Every structure is written in structure tokens, then in C-alpha cells.
Amino acid sequence: MIEQKAEIIFNRKVASDTFLMGLRASDIVAEAAPGQFVMIRVSPELDPILRRPFSICGTQEGDMLLVLYRVIGKGTRILAGVGQGETLSVLGPLGTGFKFPEKGQKAILVSGGIGIAPLIFLAQKMKDREMKFLSGYRSVKEMVPIEWAGLSGINDSISTDDGTMGHKGPVTDLFEAAIDEFRGGAFVFSCGPLPMLKKVAEITLERGISCQVSVETHMACGLGACQGCAVKSSFHEDRTYFHVCQDGPVFDARSLDW
Amino acid sequence: MTESQPELKVRIGPLELKNPVLTASGTFGYGREFSGLMDIDSLGGIVVKGLSLRPMAGNPPPRIVETPCGMLNAIGLANIGLDLFLEEKLPWLKALNTAVIVNIYGHSIDEYRAVAAGLKGIDGIAAIEVNISCPNVEQGGMAFGTDPVVSAKVTEEVLKNTDKPVIVKLSPNVTDIRSIAVAVEKAGAHAVSLINTLTGMAIDIDSRKPKLSNISGGLSGPAIRPVAVYMVYQVVRSVNIPVIGGGGIMDYRDALEFLIAGARAVQIGTANFVNPGISVEIIDGLRKFCKEQEIKRIEDIIGTLKPPF
């Protein structure tokens, strides 16, 4: 884990309110694994004061860190205005990432909205496996193109709530169909809004299928010091809460109290 | 000609610190979390996460929310408890070349007594800091630190059960912080530290729910700094024991405000979350400031506030 001043190589809009940022951060890139995250200080000002956590969306060209984000508040609005050549303080890589399935195992990736970010990095690292990538959005305007990530040709399906692209309805519809198709040993990886994750967890838990979820919480330090990022564990006797910044952000779906 | 370095050493009653910069309890974990990001040995000291007799899981999430120039937290004093602290955390802390101050709290006077006694005779602990801002279960959950008599009682009982210098950390959520400071001084405290967080609340207008599961939380960060500076100014003029100041310090200039107001050391809190290496940067900044101002010893700047006219 390193704190470094990273130069912005590009920061471009890729969908409605959605930006892809490339930062030169060789030390962080050298250690980054899918599912891990970085904490970015969006400006040196005191408001907003806290760093913002972002999943690592990928790495490129040896020293470029990719961050995919949606503008949802003050911090991300400031981030969207940062220009090429400027530098930002980045802390990472942080947290526990995805555990890879064994060779030959099939994988299903299920994302909701901006939750696609860590799954893009994961998919890049699993290109040699049989994989299905399902992504859901509210509308086609929010759809994140993934051709840049070298994922063209991948077996993917899209759903939108408003039916403007792909299946009309939640991505969990696609997921239920896919999991029945992949019967007998698919590894599931998911990231997205909590209700969606909950549904994915339910579907996999019912069927006894391995599922790893990447969860999001408010977070102050990212280092395990503030203990602000608690999530309830399902192992009540052992531990009541996990800390997303260290125990996660990726968890086995069975270990969380949904 | 070799340039001499300014002397940064400060004395807090019986405790000597290599410089006046401490990390505040609850913002620096057990130290190790920051070990790859800074030279912990260069700190004046670290105050570790508040310790209770038994492990505490803490409050349900959400536990933190950002506010303008600050944050509210309601962690619920989550910690590993006395036994695990001694077994798992202290050996690493002992090997550090900096003052390790253990922050303790209890839900009853008995628990304060027991935690203090559990640390008695154990070396590698430079001092105890007593958090009196937590709720007193025997008195309807009202914080110990809001009543001078109860604050003095906690202080006395901790002193009776320890062989270490005792710093009492004062709550700002009181009518007059000076009355509490005077009470704990009379009870024998070696020093006071202030301020703990200010109680606050934030509401989500869409769901119309509090943003914290605990409803209220403790406000920290630069938003509270002027409150903290003034309280330090007041307390310094009311007691003879040393005062450790803190509240929203983000850089060495903020730290200097507290020193000029009369604090003999400072605690860095929320800034550790924003910039994990900040405490070391503040020490470097103080050293540079002393050099530029031709101040030979940092102690020479403490309490040098001038009148406005």
C-alpha cells in the first residue's frame, strides 16, 4: 500500500455522468489486484475533506491505473473537473480482492450500474476462462462501453430497467437464466447496488453456488483505523462486523448478514 | 558553520515527548495500520484506540458521515478489549521508539478501575489517557465527563489503580469546560487533553432518517478547530497542569495555534484519515517554522499569545 501523487493522463466521459480516468501510478499498479480499491483525494481543499474510495477498474501500459466513476455528489463532481496533467494523491491498493476460480471453472460476472468497475479488471484477468458478463443499467445512457478494456468478443448480455437496451428488467433476470444454463460449477462475482447484490446472493445461496460480492460503504481512512466502514457479518459468535476496507471490499456472500 | 536544529522536546508533567505531536485516539488504530506509510518513531507519541475491559463490536452502520469541513462518527468505541490488546497489540507497540499512550474508557466506574488495573505494572506504556466522554450506564447514559463530580471520581479511581501518568481527555459537550478541568486537576490528573468530538447530527432529507444509525455522532475535523482553540485557551488559564490541545488540526500552522494558546502538545485526529503521513509533515513544519523564526526551543512558543491590542 502506497500513497503517491498520480498524474492524470485522461479523464473522459464514457456514459451519462460516468467518467473513466487514467492515472500514472506505477507503484500502485505494480501491486493492484482485481477487487482492490484506491482512496483518492479529489482536491487539496478542506471541503470535501475525506478521500473517496474507488474500485480499481484496470491497469494499462505498466503504470496506468484506471478508475471508472459516476458523478453522484460533491467529491465526484470535483473529480470530473480534474484535467489532464494535474496530479491527485492516491492511496492504494487497499483491501482484499477477488479470489480466482481454479482453471477450467466457469465464471459469471454480474454488475449493476457503476458496479461494473471492479468486474472489468477481473474479466481482463480471467480472459482465458469460460465467462459470462452480465451488466444491468437503468437506461442505455448509462451503459459503459467495454471495448477499450480489450473485452470485445466476450460473452456478455445487458439489461436496462427502461428497456432501452437488451433485456428489459433487472440484471438478476439474466443472471437466473445464466446460472441455470451454467449448472454445475460456476463461480459468481458481483458488484452493484445493495438490493441487486442481495438478490444475487439469495440466488447463489439457494443453489449452493460460490459467490463473491464487492460491497460499498462510507469510508474515512481505508486503512482499518477509523472502523467506520462496518458491515454485519453472518458469523455472529465470532465477529459482529467486518470492515469493508480490510476484510473486504470483496466478501464471500455467505459471510455477510443480508 | 553547522546550523543547529531547534529543540522540539516538550514536557507534559512527568512525561517527556521528543516533539509535541501525538496522534489522537481512534484515528490511528493501534499504530501498525500506518507503519508502511510513515516513520512512526518520529512522532512525539501515539494514543491508541480507546480500550475497554471486554471487546466491543461497536455500533451498527452507517457509522460515519461527511459534513462540511469535517465528519460525524458514531463508531461506538469498537475495540478488541484489554486481554487481546495486551496479547496482540502491545508487543508491537513496545518495540516503537515513541511514547505509547493507552486511551481507556468504561461504562461504569468499576470498568475504568479494572482497565487501569489491567495495565498496571506493564511496561512500554508511557501514560494513560482517560476518555470520560462515554455514556455512564449507571446514570442513565449521561456522559461521565459532563459532571465535575463524576469526572473527578473517575480520575481518582484510575489514579488509584495505575502506576502511570494520567491524562484526562475532556468533552466539549459541557456548559463550562473549565469546571471539569479544575475538578480533574484537583482529583490528581497529571494533564488534560481536549477536545473530544462535539456532538452533532445529520439528516437525509429524502428518507427523512438520521444519516447515522446511532442518530447522533461526534463531529471532528477543521470545522471544530476554532471551538477547540478557544477551549484550550480557557482551560490553560484555569489549571496549572499541562494541557494537550487538538481538534481539526490539518497542518503545522493549525498546530501552532494550539501551542500559542498554551497547549504543551497537540493531537492530530481526522487529518490522519485524509493524509496518513500528516503527523510527520506537521513535525517537519514545526521544525522549519522554529528555524525561520529563530526559535531555539519549541517550548519557547507555548503560551505566547499576545493581547489583541
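The peptide bond between B:Pro61 and B:Pro62 is cis, with omega about -5 degrees. The structure is a predicted model, in which local features need pLDDT of at least 70 and side-chain atom pairs count only at pLDDT 80 or more, while totals for chains, interfaces and linings use all residues. Residues are numbered from 1 along each chain as its sequence is written, and chains are lettered from A, with ligands numbered from 1, in the order in which they are written.

Confidence comes next. The model has an ipTM of 0.93 and a pTM of 0.95. For chain B the mean pLDDT (the predictor's confidence in each residue, from 0 to 100) is 95, and 98% of the residues of chain B reach 70 or more.

A cis peptide bond is also found in chain A, running from A:Asp47 to A:Pro48 with omega near 5 degrees. A:Pro48 belongs to the loop between β3 (37-41) and β4 (52-55) of chain A. In chain B, positive phi values in residues other than glycine occur at B:Ile215, near 70 degrees, and at B:Glu294, near 55 degrees. B:Ile215 lies in the loop between β13 (209-210) and β14 (216-220) of chain B, and B:Glu294 in the segment after α8 (278-292) of chain B. Burial is judged from C-beta atoms placed from the backbone: a residue with 20 or more others within 10 Å is buried, one with 12 or fewer is exposed, and one in between is partly exposed. B:Ile215 is exposed, with 12 other C-beta atoms within 10 Å; B:Glu294 is likewise exposed, with 7.

Turning to chain A as a whole, its secondary structure consists of 5 helices and 16 strands. Its radius of gyration, taken over C-alpha atoms, is 18 Å, close to the 18 Å that the globule rule gives for 258 residues, so chain A is as compact as a globular protein of that length. That rule is 2.2 Å times the number of residues to the power 0.38. The C-alpha trace of chain A spans about 50 × 45 × 35 Å along its principal axes, and 50% of the 258 residues count as buried.

An automatic or database domain assignment divides chain A into domain 1 (2-93), domain 2 (98-214) and domain 3 (215-258). The centres of domains 1 and 3 of chain A, taken over C-alpha atoms, are 23 Å apart.

The largest nonpolar core has 184 residues, and those touching the most other members are A:Val38, A:Leu65, A:Leu109, B:Val192, B:Val232 and B:Val266. Such a core is a set of buried Ala, Val, Leu, Ile, Met, Phe, Trp, Tyr and Cys residues joined through C-beta atoms within 7 Å. Helix α3 (residues 116-125) of chain A gives the most to this core, with 7 residues.

Between the chains, 30 residues of chain B are in contact with 24 residues of chain A, contact meaning C-beta atoms, placed from the backbone, within 7 Å. On the chain B side, β5 (64-67), β6 (70-73) and α7 (271-274) each supply at least two residues.

Methods:
Contact = placed C-beta atoms within 7 Å. Helix = DSSP H or I, 4+ residues; strand = E, 2+ residues; numbered from the N terminus.
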